[in-house]
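This briefing walks through charged side-chain pairs and then the contact between domains. Please keep the structure open alongside the text.

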Amino acid sequence: MKENEIKTPAYVCEEAKLRKNLELLKYVKEQSGAKVLVALKGFAFSGAMDLVDSYLDGATASGLYEAKFAKKYLSGKICTYSPAFKDDDIDEILQISDHIIFNSFAQWQKFKDKALSSNVECGLRINPESSASPVDAYNPCARYSRLGITRANFKEDLLDGISGLHFHALCEESAESLEFVLADFEEKFGKYISKMKWINFGGGHHITRKDYNVELLIKLIKNFKEKYDVEVILEPGEAVGWQCGYLVASVLDIVKNEKNIAILDVSAEAHMPDTILMPYRPAIRGESKNGKFSYRFGANTCLAGDIVGLSVQEPDYNFDEEIKVGDRVIFEDQIHYTIVKNTTFNGVKLPDLVYLREDKEAVVVREFGFKEYEERN
């Protein structure tokens with residue numbers, strides 16, 4: 001199938017762009033000596049996992065189902081962390097995982113014997129109480145955060161059996177932000193680092209963004225490894241799927257109410273949730289800043305606010321040519337944090353998953369319909 005034959009709505013992962021991201025992450029691995037795991041919470045495109053597996057060292061999971069996904073689609077290490085593990089899940093998680101990270105000493109004590117007898121390497125998530133994130137909803141170290149153990153609540157007498165420490169303090173952040181957080185981490189927890197086998201720097205590293213200081217990241221990792229003689233692990237999710245695919249929609253109708261409003265077969269609420277939560281205005285292929293034809297894009301749902309970019313100051317898009325019913329609209333960079341968070345709100349169809357290979361052949365990986373809506377309700 002050719003690219004222009006893809007049935008809408010669909011998320012389209014572009015192999016060539018994904019490979020470019022993975023090449024850069026592989027470079028970081030090779031130059032720094034760090035292990036790099038894909039964070040499935042941000043990127044879990046099943047049709048691309050063979051490619052990811054050929055470049056990275058495994059996956060980090062946020063619970064049982066992500067761990068099972070990693071076991072099915074990847075061959076590397078599986079590191080599983082959850083703010084709290086359920087009794088019903090823990091046995092299977094321990095069977096699947098190579099590392100398990102506990103969020104509190106209470107959870108560690110509860111599952112310690114079982115975890116150690118399963119030969120899984122155990123770690124603790126700590127909270128360095130330091131982050132560069134300006135938005136509390138995306139700041140793991142915001143005040144009152146439930147994520148990780150603060151220095152005031154750290155119990156060094158309970159470290160027997162712990163192989164590593166994990167911190168996750170970033171969200172779409174730079175190497176300079178990591179440097180800042182790392183200093184606080186070392187100040188608060190430095191006395192315990194050399195006792196560990198590994199230190200997990202978590203995710204939120206925007207490594208594949210154009211202005212990211214990759215060489216500084218490599219330097220920070222190498223210096224840290226040399227200073228403490230520990231293995232360093234990174235868990236990028238968004239950096240894996242960054243700008244490597246799009247969401248393609250069709251224009252179903254155009255209504256006029258002071259503005260031209262194009263109604264699409266995709267939903268901001270259901271299919272691009274971060275455009276509302278963060279919020280941000282996704283780029284559309286072919287938009288023109290000075291174009292004379294202006295449109296607002298809305299979903300085929302009954303939610304009044306289901307408008308793309310409604311939460312930002314200028315949600316309208318300009319084009320040099322008129323948009324017509326039946327035209328395709330392509331929202332750029334819609335692979336990370338979309339398929340893992342989308343819903344069937346209002347009974348809207350989940351977008352299919354399509355893998356656009358480097359030879360430009362489009363392969364349908366998943367096709368969705370009524371079954372997915374029915375089974376969620």
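In this predicted model, D87 and K110 form a salt bridge in which the closest N and O atoms are 3.1 Å apart. Because D87 lies in helix 4 (residues 87–96) and K110 in helix 5 (residues 105–117), the pair ties together parts that are 23 residues apart in sequence.

- Of the two partners already named, D87 is partly exposed, with a relative accessible area of 49%, whereas K110 has a relative accessibility of 51% and so counts as exposed, the cut-off being over 50%.
- Another salt bridge joins K114 and D91, with 3.1 Å between the closest N and O atoms, and this pair also links distant parts of the chain, since K114 is in helix 5 and D91 is in helix 4, 23 residues apart.
- K114 is partly exposed at a relative accessible area of 38%, and D91 is likewise partly exposed, with a value of 40%.

**Other salt bridges**

- E156 forms a salt bridge with K191, the closest N and O atoms lying 3.5 Å apart; E156 sits in the loop between strand 7 (121–125) and strand 8 (162–166), while K191 belongs to helix 6 (residues 175–193), 35 residues apart.
- E156 counts as partly exposed, with a relative accessibility of 41%.

**Domains and their interface**

- The chain is divided into domain 1 (3–11 + 244–375) and domain 2 (15–240), and the C-alpha centres of these domains lie 32 Å apart.
- The contact between them takes 19 residues from domain 1 and 21 residues from domain 2.
- Domain 1 and domain 2 bury about 1,800 Å² between them, with 59% of that area on carbon and sulfur atoms, and C244, Y355 and E358 supply 36% of the area that domain 1 buries against domain 2, more than any other three residues.
- Across this interface the rule finds 1 salt bridge, and the side chains of E358 and R19 meet in a salt bridge at 3.0 Å, N to O.
- There are 8 residue pairs in polar contact between domain 1 and domain 2, with both residues at pLDDT 80 or more.
- On the side of domain 1 that touches domain 2, two or more residues each come from helix 10 (274–277), strand 16 (352–356) and strand 17 (362–366), with strand 16 giving the most, 4 residues.
- The residues on that side of domain 1 divide into 13 nonpolar, 1 polar and 5 charged.

Technical notes:
Residues are numbered from 1 along each chain as its sequence is written. This is a predicted model: local features need pLDDT of at least 70, side-chain atom pairs count only at pLDDT 80 or more; totals for chains, interfaces and linings use all residues. Side-chain values use heavy atoms; hydrogens and water are left out. Domain bounds come from an automatic or database domain assignment. Contact means heavy atoms within 4.5 Å. Buried area is the accessible area (1.4 Å probe) that two parts lose on being put together, summed over both. A salt bridge is a side-chain nitrogen of Lys or Arg within 4 Å of a carboxyl oxygen of Asp or Glu. A polar contact is a pair of N or O atoms within 3.5 Å; within protein, one must be able to donate a hydrogen and the other to accept it, and residues adjacent in sequence count only if both atoms are side-chain atoms. Ala, Val, Leu, Ile, Met, Phe, Trp, Tyr, Cys and Pro count as nonpolar, Asp, Glu, Lys and Arg as charged, and the others, Gly among them, as polar. Buried means under 20% relative accessible area, exposed over 50%, partly exposed in between (1.4 Å probe, protein chains only).
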